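My notes follow in the order I worked.

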Number of protein chains: 2
Amino acid sequence: MNKPLILITNDDGHDANGIAVLTRLMMKIGDVVVVAPDGPRSAQSNALTVTHPIRFKKIEETEGLIRYICTGTPTDCVKLALNEIVERKPDLVVAGINHGSNAAVNVIYSGTMGAVLEGCENGILSIGFSICDHSMDADFSVFEPCILKITREALRNGLPHATCLNVNAPVGEIKGVKVARQCDGRWTKEYAKRTDPRGGSYFWLTGNFENHEPESTDTDEWALSQGYISIVPTKIDLTAYQAMDEICGWEF
Amino acid sequence: MNKPLILITNDDGHDANGIAVLTRLMMKIGDVVVVAPDGPRSAQSNALTVTHPIRFKKIEETEGLIRYICTGTPTDCVKLALNEIVERKPDLVVAGINHGSNAAVNVIYSGTMGAVLEGCENGILSIGFSICDHSMDADFSVFEPCILKITREALRNGLPHATCLNVNAPVGEIKGVKVARQCDGRWTKEYAKRTDPRGGSYFWLTGNFENHEPESTDTDEWALSQGYISIVPTKIDLTAYQAMDEICGWEF
(Lines give C-alpha, C1' and ligand atoms only; values in the text may rest on other atoms or scores of the structure.)
Protein backbone atom coordinates (compact mmCIF):
# COMPACT_ATOMS: atom_id res chain seq x y z
CA MET A 1 0.00 0.00 0.00
CA ASN A 2 1.20 3.50 -0.82
CA LYS A 3 2.12 5.85 1.98
CA PRO A 4 -0.59 8.36 2.81
CA LEU A 5 -0.21 11.74 1.12
CA ILE A 6 -0.46 14.47 3.74
CA LEU A 7 -1.06 18.18 3.03
CA ILE A 8 0.06 20.54 5.78
CA THR A 9 -0.60 24.23 6.29
CA ASN A 10 -0.93 26.70 9.18
CA ASP A 11 -1.78 30.31 9.92
CA ASP A 12 1.37 31.39 11.77
CA GLY A 13 3.37 31.26 8.54
CA HIS A 14 5.76 28.75 6.98
CA ASP A 15 8.64 29.56 9.33
CA ALA A 16 6.79 29.05 12.65
CA ASN A 17 7.99 26.33 15.00
CA GLY A 18 4.56 24.74 15.13
CA ILE A 19 4.50 23.79 11.45
CA ALA A 20 8.10 22.55 11.61
CA VAL A 21 7.18 20.15 14.41
CA LEU A 22 3.99 19.05 12.64
CA THR A 23 5.94 18.43 9.42
CA ARG A 24 8.53 16.32 11.24
CA LEU A 25 5.76 14.25 12.86
CA MET A 26 3.75 13.75 9.68
CA MET A 27 6.85 12.51 7.82
CA LYS A 28 6.70 9.48 10.15
CA ILE A 29 3.26 8.69 8.73
CA GLY A 30 3.34 9.61 5.05
CA ASP A 31 4.63 11.69 2.18
CA VAL A 32 4.25 15.34 3.03
CA VAL A 33 3.42 18.42 0.95
CA VAL A 34 3.51 21.69 2.86
CA VAL A 35 1.74 24.70 1.35
CA ALA A 36 1.97 27.41 3.98
CA PRO A 37 1.44 31.19 4.03
CA ASP A 38 4.57 33.26 3.42
CA GLY A 39 3.94 35.15 6.67
CA PRO A 40 1.53 35.33 9.63
CA ARG A 41 -2.17 34.90 8.81
CA SER A 42 -3.68 34.47 12.26
CA ALA A 43 -7.43 34.98 12.72
CA GLN A 44 -8.03 34.74 8.97
CA SER A 45 -10.94 32.33 9.49
CA ASN A 46 -12.08 30.89 6.13
CA ALA A 47 -11.11 34.11 4.36
CA LEU A 48 -10.33 33.89 0.64
CA THR A 49 -8.28 36.25 -1.50
CA VAL A 50 -10.61 37.57 -4.18
CA THR A 51 -9.55 41.16 -4.89
CA HIS A 52 -6.07 40.27 -6.09
CA PRO A 53 -4.38 37.14 -7.45
CA ILE A 54 -2.21 34.77 -5.40
CA ARG A 55 1.04 32.97 -6.14
CA PHE A 56 3.02 30.04 -4.78
CA LYS A 57 6.68 29.02 -4.90
CA LYS A 58 8.55 25.80 -4.11
CA ILE A 59 11.15 26.35 -1.40
CA GLU A 60 12.31 22.81 -0.56
CA GLU A 61 12.18 19.31 -2.00
CA THR A 62 13.70 16.32 -0.23
CA GLU A 63 12.83 12.63 0.23
CA GLY A 64 9.17 12.49 1.30
CA LEU A 65 8.77 16.25 1.63
CA ILE A 66 7.97 19.15 -0.69
CA ARG A 67 7.46 22.62 0.74
CA TYR A 68 5.79 25.61 -0.88
CA ILE A 69 5.00 29.09 0.33
CA CYS A 70 1.88 30.92 -0.81
CA THR A 71 0.87 34.57 -0.73
CA GLY A 72 -2.70 33.83 0.39
CA THR A 73 -4.65 32.87 3.50
CA PRO A 74 -4.60 29.37 5.04
CA THR A 75 -7.82 28.54 3.18
CA ASP A 76 -6.27 29.83 -0.07
CA CYS A 77 -3.29 27.53 0.60
CA VAL A 78 -5.53 24.47 0.78
CA LYS A 79 -7.60 25.46 -2.25
CA LEU A 80 -4.50 26.24 -4.32
CA ALA A 81 -2.80 23.01 -3.22
CA LEU A 82 -5.79 20.86 -4.17
CA ASN A 83 -6.47 22.63 -7.47
CA GLU A 84 -2.96 23.39 -8.74
CA ILE A 85 -0.19 21.69 -6.74
CA VAL A 86 -0.78 18.10 -5.59
CA GLU A 87 -1.03 15.42 -8.25
CA ARG A 88 -3.55 13.30 -6.36
CA LYS A 89 -6.09 14.03 -3.66
CA PRO A 90 -4.35 13.94 -0.27
CA ASP A 91 -5.41 11.33 2.27
CA LEU A 92 -5.14 13.85 5.06
CA VAL A 93 -5.02 17.62 5.60
CA VAL A 94 -3.48 18.80 8.87
CA ALA A 95 -3.01 22.37 10.04
CA GLY A 96 -0.94 23.82 12.86
CA ILE A 97 0.51 23.32 15.28
CA ASN A 98 -1.15 26.65 16.06
CA HIS A 99 0.57 28.85 18.59
CA GLY A 100 -2.54 29.66 20.65
CA SER A 101 -5.88 28.12 21.55
CA ASN A 102 -8.55 27.42 18.96
CA ALA A 103 -11.02 26.13 21.53
CA ALA A 104 -14.52 27.55 22.13
CA VAL A 105 -15.58 30.37 19.78
CA ASN A 106 -11.99 30.84 18.60
CA VAL A 107 -12.79 28.12 16.08
CA ILE A 108 -14.81 30.57 13.95
CA TYR A 109 -11.96 33.11 13.73
CA SER A 110 -9.10 30.63 13.37
CA GLY A 111 -7.06 30.50 10.17
CA THR A 112 -5.86 27.06 11.22
CA MET A 113 -9.42 25.77 11.42
CA GLY A 114 -10.28 27.66 8.23
CA ALA A 115 -7.75 25.46 6.44
CA VAL A 116 -9.09 22.35 8.16
CA LEU A 117 -12.68 23.14 7.18
CA GLU A 118 -11.46 23.62 3.59
CA GLY A 119 -9.84 20.18 3.53
CA CYS A 120 -13.01 18.71 5.00
CA GLU A 121 -15.20 20.56 2.48
CA ASN A 122 -13.18 18.78 -0.22
CA GLY A 123 -13.96 15.37 1.24
CA ILE A 124 -10.54 14.88 2.87
CA LEU A 125 -9.91 13.74 6.46
CA SER A 126 -8.80 16.96 8.14
CA ILE A 127 -7.42 17.82 11.59
CA GLY A 128 -6.30 21.06 13.24
CA PHE A 129 -3.76 20.98 16.07
CA SER A 130 -3.29 23.89 18.46
CA ILE A 131 -1.61 24.48 21.80
CA CYS A 132 -2.83 26.97 24.41
CA ASP A 133 0.39 28.97 24.31
CA HIS A 134 0.76 32.02 22.04
CA SER A 135 4.52 32.12 22.46
CA MET A 136 6.54 31.46 19.32
CA ASP A 137 8.78 29.32 21.59
CA ALA A 138 5.89 27.13 22.80
CA ASP A 139 7.03 23.67 23.92
CA PHE A 140 5.29 21.00 21.84
CA SER A 141 7.23 17.99 23.19
CA VAL A 142 4.50 16.61 25.46
CA PHE A 143 1.89 17.10 22.73
CA GLU A 144 3.92 15.34 20.00
CA PRO A 145 3.16 11.66 20.78
CA CYS A 146 -0.53 12.56 21.17
CA ILE A 147 -0.57 14.17 17.71
CA LEU A 148 0.82 10.99 16.20
CA LYS A 149 -1.69 8.82 18.07
CA ILE A 150 -4.71 10.98 17.17
CA THR A 151 -3.65 11.21 13.51
CA ARG A 152 -3.14 7.43 13.23
CA GLU A 153 -6.51 6.74 14.86
CA ALA A 154 -8.19 9.23 12.51
CA LEU A 155 -6.59 7.57 9.46
CA ARG A 156 -7.63 4.12 10.76
CA ASN A 157 -11.23 5.03 11.61
CA GLY A 158 -12.06 7.91 9.27
CA LEU A 159 -14.64 10.57 10.10
CA PRO A 160 -18.29 11.08 9.16
CA HIS A 161 -19.11 13.13 6.06
CA ALA A 162 -18.30 16.86 6.32
CA THR A 163 -16.79 16.45 9.79
CA CYS A 164 -13.24 17.37 10.85
CA LEU A 165 -11.36 17.58 14.16
CA ASN A 166 -10.36 20.59 16.26
CA VAL A 167 -7.64 19.35 18.63
CA ASN A 168 -6.28 21.63 21.36
CA ALA A 169 -3.58 20.87 23.94
CA PRO A 170 -3.06 22.44 27.38
CA VAL A 171 0.33 23.80 28.42
CA GLY A 172 2.49 21.43 30.48
CA GLU A 173 1.57 17.90 31.55
CA ILE A 174 -1.19 16.13 29.64
CA LYS A 175 -3.58 13.93 31.65
CA GLY A 176 -5.25 12.36 28.63
CA VAL A 177 -7.71 13.08 25.83
CA LYS A 178 -11.36 14.20 26.10
CA VAL A 179 -13.83 14.28 23.23
CA ALA A 180 -15.66 17.53 23.97
CA ARG A 181 -18.12 20.05 22.60
CA GLN A 182 -17.37 23.68 21.69
CA CYS A 183 -17.73 25.78 24.85
CA ASP A 184 -20.17 28.71 24.86
CA GLY A 185 -18.48 32.02 25.64
CA ARG A 186 -17.37 35.32 24.17
CA TRP A 187 -14.56 37.85 24.07
CA THR A 188 -14.95 41.12 26.00
CA LYS A 189 -12.98 44.40 26.30
CA GLU A 190 -11.68 43.74 22.84
CA TYR A 191 -9.72 46.87 21.95
CA ALA A 192 -6.69 48.74 23.18
CA LYS A 193 -7.13 52.36 22.09
CA ARG A 194 -3.98 54.31 21.21
CA THR A 195 -3.36 57.81 19.91
CA ASP A 196 -0.94 58.48 17.08
CA PRO A 197 1.45 61.49 17.07
CA ARG A 198 -1.05 63.48 14.98
CA GLY A 199 -3.84 62.91 17.53
CA GLY A 200 -5.77 60.26 15.62
CA SER A 201 -7.15 57.20 17.42
CA TYR A 202 -6.32 53.65 16.41
CA PHE A 203 -7.43 50.34 17.87
CA TRP A 204 -5.56 47.07 18.46
CA LEU A 205 -7.54 43.87 18.90
CA THR A 206 -7.01 42.28 22.31
CA GLY A 207 -9.58 41.14 24.90
CA ASN A 208 -10.50 38.58 27.54
CA PHE A 209 -12.35 35.33 26.97
CA GLU A 210 -15.46 34.93 29.13
CA ASN A 211 -16.60 31.32 29.60
CA HIS A 212 -20.42 31.28 29.71
CA GLU A 213 -20.60 27.80 31.19
CA PRO A 214 -17.67 27.34 33.58
CA GLU A 215 -19.55 24.60 35.47
CA SER A 216 -20.05 22.35 32.41
CA THR A 217 -17.67 19.39 32.36
CA ASP A 218 -18.19 18.35 28.73
CA THR A 219 -16.69 21.40 26.98
CA ASP A 220 -13.31 21.92 25.34
CA GLU A 221 -12.52 24.75 27.76
CA TRP A 222 -13.18 22.48 30.74
CA ALA A 223 -11.03 19.66 29.33
CA LEU A 224 -8.14 22.07 28.72
CA SER A 225 -8.47 23.66 32.17
CA GLN A 226 -8.14 20.19 33.71
CA GLY A 227 -5.00 19.31 31.74
CA TYR A 228 -6.63 17.21 29.00
CA ILE A 229 -6.31 17.49 25.25
CA SER A 230 -9.72 18.43 23.80
CA ILE A 231 -10.99 16.95 20.54
CA VAL A 232 -14.08 18.66 19.16
CA PRO A 233 -15.60 17.01 16.07
CA THR A 234 -16.45 20.04 13.96
CA LYS A 235 -18.75 20.40 10.97
CA ILE A 236 -19.32 22.59 7.94
CA ASP A 237 -23.10 22.54 8.13
CA LEU A 238 -24.01 25.55 10.29
CA THR A 239 -27.78 24.92 10.08
CA ALA A 240 -29.51 25.31 13.45
CA TYR A 241 -31.88 22.41 12.81
CA GLN A 242 -33.64 22.80 16.15
CA ALA A 243 -34.72 26.33 15.24
CA MET A 244 -36.30 25.43 11.89
CA ASP A 245 -39.78 24.49 13.13
CA GLU A 246 -40.07 27.65 15.18
CA ILE A 247 -39.19 29.90 12.24
CA CYS A 248 -41.57 27.99 9.96
CA GLY A 249 -44.31 29.34 12.25
CA TRP A 250 -43.45 32.98 11.50
CA GLU A 251 -45.85 35.02 9.33
CA PHE A 252 -44.15 35.82 6.05
CA MET B 1 -41.16 52.32 23.85
CA ASN B 2 -37.88 53.42 22.30
CA LYS B 3 -37.22 52.67 18.67
CA PRO B 4 -34.98 49.64 18.12
CA LEU B 5 -31.30 50.44 17.64
CA ILE B 6 -30.05 48.74 14.49
CA LEU B 7 -26.38 48.20 13.59
CA ILE B 8 -25.70 47.67 9.87
CA THR B 9 -22.59 46.50 8.05
CA ASN B 10 -21.70 44.61 4.88
CA ASP B 11 -18.73 43.18 3.00
CA ASP B 12 -19.08 44.98 -0.33
CA GLY B 13 -18.00 48.26 1.26
CA HIS B 14 -19.87 51.34 2.55
CA ASP B 15 -20.65 52.69 -0.92
CA ALA B 16 -22.32 49.57 -2.36
CA ASN B 17 -25.96 49.79 -3.44
CA GLY B 18 -26.92 46.85 -1.22
CA ILE B 19 -26.07 48.60 2.03
CA ALA B 20 -27.75 51.82 0.86
CA VAL B 21 -31.00 49.92 0.26
CA LEU B 22 -30.71 48.05 3.57
CA THR B 23 -30.08 51.34 5.43
CA ARG B 24 -33.14 52.95 3.85
CA LEU B 25 -35.28 49.95 4.84
CA MET B 26 -33.99 49.72 8.41
CA MET B 27 -34.69 53.45 8.99
CA LYS B 28 -38.39 52.51 8.70
CA ILE B 29 -37.93 50.23 11.71
CA GLY B 30 -35.47 51.93 14.03
CA ASP B 31 -32.52 54.21 14.67
CA VAL B 32 -29.63 53.13 12.48
CA VAL B 33 -25.88 53.09 13.00
CA VAL B 34 -23.87 51.96 9.97
CA VAL B 35 -20.28 50.81 10.53
CA ALA B 36 -19.11 49.54 7.16
CA PRO B 37 -15.75 48.68 5.60
CA ASP B 38 -14.11 51.51 3.67
CA GLY B 39 -13.81 49.25 0.60
CA PRO B 40 -14.65 45.76 -0.64
CA ARG B 41 -14.13 42.94 1.89
CA SER B 42 -15.85 40.03 0.15
CA ALA B 43 -15.06 36.47 1.25
CA GLN B 44 -13.47 37.68 4.48
CA SER B 45 -15.41 35.14 6.54
CA ASN B 46 -14.98 35.84 10.29
CA ALA B 47 -11.48 37.23 9.68
CA LEU B 48 -10.11 39.67 12.25
CA THR B 49 -7.37 42.25 11.83
CA VAL B 50 -4.65 41.34 14.32
CA THR B 51 -1.33 42.25 12.70
CA HIS B 52 -2.08 45.96 12.46
CA PRO B 53 -4.46 48.38 14.17
CA ILE B 54 -7.78 49.55 12.73
CA ARG B 55 -9.50 52.93 12.66
CA PHE B 56 -12.99 54.31 12.09
CA LYS B 57 -14.38 57.69 11.01
CA LYS B 58 -17.85 59.25 11.08
CA ILE B 59 -18.96 60.23 7.56
CA GLU B 60 -22.63 61.20 8.07
CA GLU B 61 -25.05 62.08 10.84
CA THR B 62 -28.70 62.86 10.19
CA GLU B 63 -32.01 62.25 11.98
CA GLY B 64 -32.08 58.54 12.91
CA LEU B 65 -28.87 57.66 11.06
CA ILE B 66 -25.15 57.79 11.84
CA ARG B 67 -22.67 56.33 9.36
CA TYR B 68 -19.05 55.34 9.97
CA ILE B 69 -16.43 53.75 7.78
CA CYS B 70 -13.85 51.36 9.19
CA THR B 71 -10.53 50.08 7.88
CA GLY B 72 -11.17 46.50 9.00
CA THR B 73 -13.13 43.42 7.98
CA PRO B 74 -16.92 43.09 8.42
CA THR B 75 -16.33 41.20 11.70
CA ASP B 76 -13.94 43.96 12.84
CA CYS B 77 -16.71 46.49 12.05
CA VAL B 78 -19.16 44.71 14.37
CA LYS B 79 -16.60 44.23 17.15
CA LEU B 80 -15.44 47.84 16.94
CA ALA B 81 -19.03 49.14 16.84
CA LEU B 82 -20.04 47.15 19.92
CA ASN B 83 -16.88 47.93 21.90
CA GLU B 84 -16.17 51.52 20.91
CA ILE B 85 -18.97 53.18 18.93
CA VAL B 86 -22.58 52.49 19.99
CA GLU B 87 -23.69 53.78 23.38
CA ARG B 88 -26.03 50.88 24.09
CA LYS B 89 -26.24 47.29 22.86
CA PRO B 90 -28.11 47.26 19.54
CA ASP B 91 -31.42 45.38 19.32
CA LEU B 92 -30.50 44.07 15.90
CA VAL B 93 -27.45 43.56 13.68
CA VAL B 94 -28.12 43.28 9.94
CA ALA B 95 -25.58 42.80 7.18
CA GLY B 96 -25.87 43.18 3.43
CA ILE B 97 -27.63 43.35 1.16
CA ASN B 98 -24.82 41.23 -0.22
CA HIS B 99 -24.27 41.32 -3.96
CA GLY B 100 -24.04 37.55 -4.50
CA SER B 101 -25.33 34.33 -2.95
CA ASN B 102 -24.38 33.28 0.55
CA ALA B 103 -26.31 30.03 0.32
CA ALA B 104 -24.82 26.55 0.81
CA VAL B 105 -21.12 26.42 1.75
CA ASN B 106 -20.71 30.11 0.80
CA VAL B 107 -21.83 30.84 4.35
CA ILE B 108 -18.42 29.83 5.73
CA TYR B 109 -16.50 32.20 3.42
CA SER B 110 -18.93 35.11 3.55
CA GLY B 111 -17.89 38.39 5.13
CA THR B 112 -21.57 39.30 5.37
CA MET B 113 -22.28 36.20 7.45
CA GLY B 114 -19.04 36.74 9.39
CA ALA B 115 -20.54 40.02 10.62
CA VAL B 116 -23.85 38.34 11.37
CA LEU B 117 -22.19 35.57 13.38
CA GLU B 118 -20.32 38.26 15.32
CA GLY B 119 -23.55 40.04 16.23
CA CYS B 120 -25.04 36.70 17.25
CA GLU B 121 -21.94 35.80 19.28
CA ASN B 122 -22.59 38.99 21.25
CA GLY B 123 -26.14 37.96 22.08
CA ILE B 124 -27.82 40.25 19.52
CA LEU B 125 -30.55 39.24 17.06
CA SER B 126 -28.63 39.13 13.76
CA ILE B 127 -29.64 38.65 10.13
CA GLY B 128 -27.70 38.53 6.86
CA PHE B 129 -29.43 39.46 3.60
CA SER B 130 -28.01 38.47 0.21
CA ILE B 131 -29.26 38.34 -3.37
CA CYS B 132 -28.08 35.81 -5.95
CA ASP B 133 -26.74 38.49 -8.28
CA HIS B 134 -23.09 39.58 -8.13
CA SER B 135 -23.75 42.69 -10.21
CA MET B 136 -23.20 45.99 -8.43
CA ASP B 137 -26.43 47.10 -10.20
CA ALA B 138 -28.48 44.21 -8.78
CA ASP B 139 -32.20 45.02 -8.53
CA PHE B 140 -33.35 44.70 -4.91
CA SER B 141 -36.87 46.06 -5.42
CA VAL B 142 -38.74 42.74 -5.24
CA PHE B 143 -36.66 41.67 -2.19
CA GLU B 144 -37.28 44.90 -0.25
CA PRO B 145 -40.76 44.21 1.22
CA CYS B 146 -39.61 40.70 2.19
CA ILE B 147 -36.62 42.14 4.08
CA LEU B 148 -38.96 44.37 6.08
CA LYS B 149 -41.32 41.49 6.81
CA ILE B 150 -38.58 39.05 7.85
CA THR B 151 -36.88 41.67 10.04
CA ARG B 152 -40.14 42.61 11.79
CA GLU B 153 -40.99 38.96 12.41
CA ALA B 154 -37.50 38.34 13.80
CA LEU B 155 -37.82 41.34 16.15
CA ARG B 156 -41.28 40.15 17.25
CA ASN B 157 -40.33 36.49 17.81
CA GLY B 158 -36.62 36.57 18.64
CA LEU B 159 -34.29 33.67 17.92
CA PRO B 160 -32.87 30.85 20.06
CA HIS B 161 -29.53 31.39 21.82
CA ALA B 162 -26.48 31.63 19.51
CA THR B 163 -28.65 31.38 16.38
CA CYS B 164 -28.84 33.91 13.54
CA LEU B 165 -30.43 34.00 10.08
CA ASN B 166 -28.89 33.61 6.63
CA VAL B 167 -31.45 35.02 4.16
CA ASN B 168 -30.88 34.72 0.41
CA ALA B 169 -33.11 35.93 -2.42
CA PRO B 170 -33.36 34.64 -5.99
CA VAL B 171 -33.14 36.99 -8.95
CA GLY B 172 -36.48 38.16 -10.40
CA GLU B 173 -39.94 37.19 -9.15
CA ILE B 174 -40.23 35.83 -5.61
CA LYS B 175 -42.72 33.02 -5.03
CA GLY B 176 -42.49 33.09 -1.23
CA VAL B 177 -40.22 32.17 1.66
CA LYS B 178 -38.83 28.74 2.60
CA VAL B 179 -37.09 27.90 5.86
CA ALA B 180 -34.30 25.64 4.61
CA ARG B 181 -31.10 23.87 5.58
CA GLN B 182 -27.60 24.61 4.24
CA CYS B 183 -27.13 22.61 1.03
CA ASP B 184 -24.22 20.19 0.76
CA GLY B 185 -21.91 20.99 -2.16
CA ARG B 186 -18.52 22.35 -3.10
CA TRP B 187 -16.66 24.64 -5.46
CA THR B 188 -14.60 23.10 -8.29
CA LYS B 189 -12.14 24.38 -10.94
CA GLU B 190 -11.34 27.20 -8.57
CA TYR B 191 -8.48 29.04 -10.26
CA ALA B 192 -7.84 30.95 -13.44
CA LYS B 193 -4.10 30.72 -14.12
CA ARG B 194 -2.45 33.71 -15.77
CA THR B 195 1.13 34.54 -16.71
CA ASP B 196 2.67 37.93 -15.96
CA PRO B 197 4.96 39.76 -18.44
CA ARG B 198 8.03 38.32 -16.63
CA GLY B 199 6.78 34.74 -17.07
CA GLY B 200 5.57 34.20 -13.50
CA SER B 201 2.28 32.42 -12.83
CA TYR B 202 -0.51 33.96 -10.77
CA PHE B 203 -3.91 32.62 -9.84
CA TRP B 204 -7.33 34.29 -9.60
CA LEU B 205 -10.04 32.64 -7.53
CA THR B 206 -13.06 31.67 -9.61
CA GLY B 207 -14.87 28.32 -9.88
CA ASN B 208 -18.18 26.52 -10.28
CA PHE B 209 -20.52 25.45 -7.48
CA GLU B 210 -21.39 21.75 -7.54
CA ASN B 211 -24.61 20.87 -5.69
CA HIS B 212 -24.13 17.47 -4.03
CA GLU B 213 -27.83 16.94 -3.43
CA PRO B 214 -29.74 18.44 -6.35
CA GLU B 215 -32.75 16.19 -5.65
CA SER B 216 -33.25 17.37 -2.06
CA THR B 217 -36.18 19.76 -1.72
CA ASP B 218 -35.36 21.11 1.77
CA THR B 219 -32.10 22.96 0.99
CA ASP B 220 -31.40 26.65 0.46
CA GLU B 221 -30.12 25.94 -3.06
CA TRP B 222 -33.39 24.19 -3.97
CA ALA B 223 -35.54 26.99 -2.56
CA LEU B 224 -33.56 29.59 -4.52
CA SER B 225 -33.67 27.53 -7.73
CA GLN B 226 -37.47 27.43 -7.44
CA GLY B 227 -37.82 31.19 -6.96
CA TYR B 228 -38.18 31.25 -3.17
CA ILE B 229 -36.28 33.26 -0.58
CA SER B 230 -34.30 30.84 1.62
CA ILE B 231 -33.95 31.41 5.36
CA VAL B 232 -31.35 29.17 7.02
CA PRO B 233 -31.19 29.42 10.81
CA THR B 234 -27.44 29.39 11.39
CA LYS B 235 -25.42 28.73 14.53
CA ILE B 236 -22.04 29.43 16.06
CA ASP B 237 -21.62 26.03 17.66
CA LEU B 238 -19.82 23.92 15.02
CA THR B 239 -19.72 20.78 17.20
CA ALA B 240 -20.66 17.65 15.24
CA TYR B 241 -22.58 16.12 18.15
CA GLN B 242 -23.49 12.99 16.22
CA ALA B 243 -19.80 12.12 15.77
CA MET B 244 -18.86 12.40 19.44
CA ASP B 245 -19.75 8.84 20.53
CA GLU B 246 -17.86 7.33 17.61
CA ILE B 247 -14.67 9.26 18.40
CA CYS B 248 -14.95 8.42 22.11
CA GLY B 249 -14.42 4.81 20.96
CA TRP B 250 -11.00 5.56 19.46
CA GLU B 251 -7.88 4.28 21.23
CA PHE B 252 -5.94 7.23 22.62
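These entries go from the pair of chains, to the sheet, to single residues.

**Entry 1: the two chains.** I noted at the start that this is a predicted model. I superposed chain A on chain B, and this took a rotation of 180 degrees with 0.0 Å of shift along the axis, at an RMSD of 0.0 Å. That is the relation of a two-fold axis. I then looked at the interface: 100% of the interface residues of chain A are also interface residues in chain B, so the copies meet through the same surface.

**Entry 2: the sheet of chain A.** I traced an open sheet of nine strands in chain A, in the order 3-4-2-1-5-6-7-13-8 and with mixed pairing. Which strands are at the edge? I found strand 3 (56-62) and strand 8 (176-179) of chain A there, each pairing on one side only. The twist averages 20 degrees from one strand to the next.

I looked at one pair inside this sheet. Strand 6 (residues 125-131) and strand 7 (residues 163-169) of chain A run parallel and are joined by five bridges. Across this pair, A:Ser130 stands opposite A:Asn168.

**Entry 3: helices on the sheet.** Helix 1 of chain A lies across strands 1, 2, 4, 5 and 6 of chain A. I noted an angle of about 145 degrees between helix 1 and strand 5 of chain A. Helix 7 (residues 241-248) of chain B also packs on the sheet, where it touches strand 7, strand 8 and strand 13 of chain A. The direction of helix 7 of chain B makes about 135 degrees with that of strand 13 of chain A.

**Entry 4: the recorded binding site.** An unreviewed UniProt entry lists A:Asp11, A:Asp12, A:Ser42 and A:Asn98 under "binding site". I checked how they lie in space: they are spread over 88 residues of sequence, yet they cluster, with a largest C-alpha distance of 9.1 Å.

Is A:Asp11 buried or exposed? Buried is under 20% relative accessible area, and A:Asp11 has 3%, so A:Asp11 is buried. I placed A:Asp11 in the loop between strand 1 (5-9) and helix 1 (17-26) of chain A.

A:Asn98 lies in strand 5 (residues 92-99) of chain A and counts as buried, at 6% relative accessibility. Among the residues it touches are A:Asp11, A:Asp12 and A:Ser130.

**Entry 5: an arginine of chain B.** I found B:Arg181 in the loop between strand 8 (176-179) and strand 9 (185-188) of chain B. At 15% relative accessibility, B:Arg181 counts as buried. B:Arg181 touches A:Thr239, A:Tyr241 and A:Met244 of the other chain, and its contacts within chain B include B:Glu213 and B:Asp218.

Entry 6: Strand 3 (residues 56-62) and strand 4 (residues 65-70) of chain B run antiparallel, with six bridges between them. B:Lys58 stands opposite B:Tyr68 here. The hairpin has two residues between the strands, and B:Gly64 takes a positive phi near 80 degrees.

How many residues of helix 2 (residues 74-85) of chain B are buried? I got ten of its twelve, so the helix is mostly covered. Among the buried ones are B:Cys77, B:Val78 and B:Leu80, and also B:Asp76 and B:Lys79.

Key:
Residues numbered from 1 in each chain as written. Chains lettered and ligands numbered in written order. Predicted model: local features only at pLDDT ≥ 70, side-chain atom pairs only at ≥ 80, totals over all residues. Heavy atoms only, no water. Least-squares fit on C-alpha atoms with pLDDT ≥ 70 in both. Contact = heavy atoms within 4.5 Å. Buried < 20%, exposed > 50% of the residue type's maximum accessible area, 1.4 Å probe, protein only. Helix = DSSP H or I, 4+ residues; strand = E, 2+ residues; numbered from the N terminus. UniProt positions renumbered as here; feature names shortened; annotations may be inferred. Pairing = 2+ DSSP bridges. Axes fitted to C-alpha atoms, helices over the stretch in contact; angles between N-to-C directions. Lists of a residue's contacts leave out its neighbours within four places in sequence.
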